[in-house]
Amino acid sequence: MHISGSTGETSVEERFSQGNGFRLYNNACIYTDALEGGVYYLTTRYYHAKGSTQSIPLYIRDSNGAMTPLGIDFAVGSGTGLSDYTGFTSYICIPDGYSFAIYNTTGYNSSIEFDYIILTKVDNPVETATIGANGFTTFASPYPLDLTTANLPSGLKAYTASLDATTLSFSKKDDAAVVAGTGLLLKGAAGESYDIPVAATGATVDGNAFTGVIAATDLKSDAEGNYIFVMKKATDASEALTFLPLTTERDVTVPAGKAYVSVPASAFEDSSNNSRVLRVSFKDDTTGIETIGNAEQEADNATYNLNG
């Protein structure tokens, strides 16, 4: 391990396996050598010197020393003593040539003393998505996903979206891995669960109209006053793929792992389509363009179940 910044070193042979441990002061970090690209699990042993709950953010570090947050914290609860941290279930996705880092950006000197850190490469890491009753679901993962034809499960199709006025067009995505948080529409067998491979890294999809939701998010409209359209969960196979607009009278929590579409209000005000209807086109299928329902009318009596 490498050390950057100010640390406290504790030499207590019977406490630490290598004779000492390191406490990260504010803006200090410890990081590994450059690693082979892949998906890893974290195991570490640490000594908590104080009884308060603490957390330290996890990062990846490139060859120039630039840090990128993983969006995951190393967190410890109250209590003191030596602990083996083996229950960390989040994937650590590391691009080839990057290092893994624990970087104290909390603003305080940590009382967590690290003994060792072990990164174990995961064989066949996956994220599981379950398709709705009508064969569709929106999806977003906190990890990069491998959507290539060779690795995507048989029977599953993944789409990104583009928006032209009030027409939402879906394009099949099967040529590359995508970055964490990419919003997708998935199509498969109704009620079926599919394991999608997790990748070490991915590419951003330019122009994707979907916004992926990694943590449950309360929505009504966005900061620009655009309409937010969310997919309605179908209850049977006969229900069409339907996106409903949120209203000023109703806040909705979009669950983690789903996606929504933001549509400028001007798209409806400047056209004859003033009833807030989205039309949908599957560019890679033969369905053509169709109206998916008068979402405003449906929303009047809708009970929003957005697990779609």
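**View 1. The side chain of Thr138 reaches the backbone nitrogen of Ala259 at 3.2 Å.** This counts as a polar contact, meaning a pair of N or O atoms within 3.5 Å; within protein, one must be able to donate a hydrogen and the other to accept it, and residues adjacent in sequence count only if both atoms are side-chain atoms. Welcome to a predicted model, in which local features need pLDDT of at least 70, side-chain atom pairs count only at pLDDT 80 or more, and totals for chains, interfaces and linings use all residues. Residues are numbered from 1 along each chain as its sequence is written, and side-chain values use heavy atoms, with hydrogens and water left out. Thr138 belongs to strand β13, residues 136-139 (strands are DSSP runs of E, at least two residues, numbered from the N terminus). With 1% relative accessibility, Thr138 is buried (under 20% relative accessible area; exposed is over 50%, partly exposed in between, with a 1.4 Å probe and protein chains only).

**View 2. Here is Ala216, in the loop between β20 and β21 (217-219).** Ala216 is exposed, at 54% relative accessible area. Beyond its neighbours within four places in sequence, Ala216 is in contact with Thr253, Val254, Pro255 and Ala256 (heavy atoms within 4.5 Å). Ala216 and Ala256 sit 40 residues apart in sequence, with 4.4 Å from C-alpha to C-alpha.

**View 3. Four strands make an open sheet in the order β20-β25-β22-β23, with antiparallel pairing.** Two strands pair if DSSP finds at least two bridges between them. At the edges are β20 (210-213) and β23 (243-245), each pairing on one side only.

**View 4. Strand β22 (residues 227-231) runs antiparallel to β23, joined by three bridges.** Look for Val230, which stands opposite Leu244 in β23.
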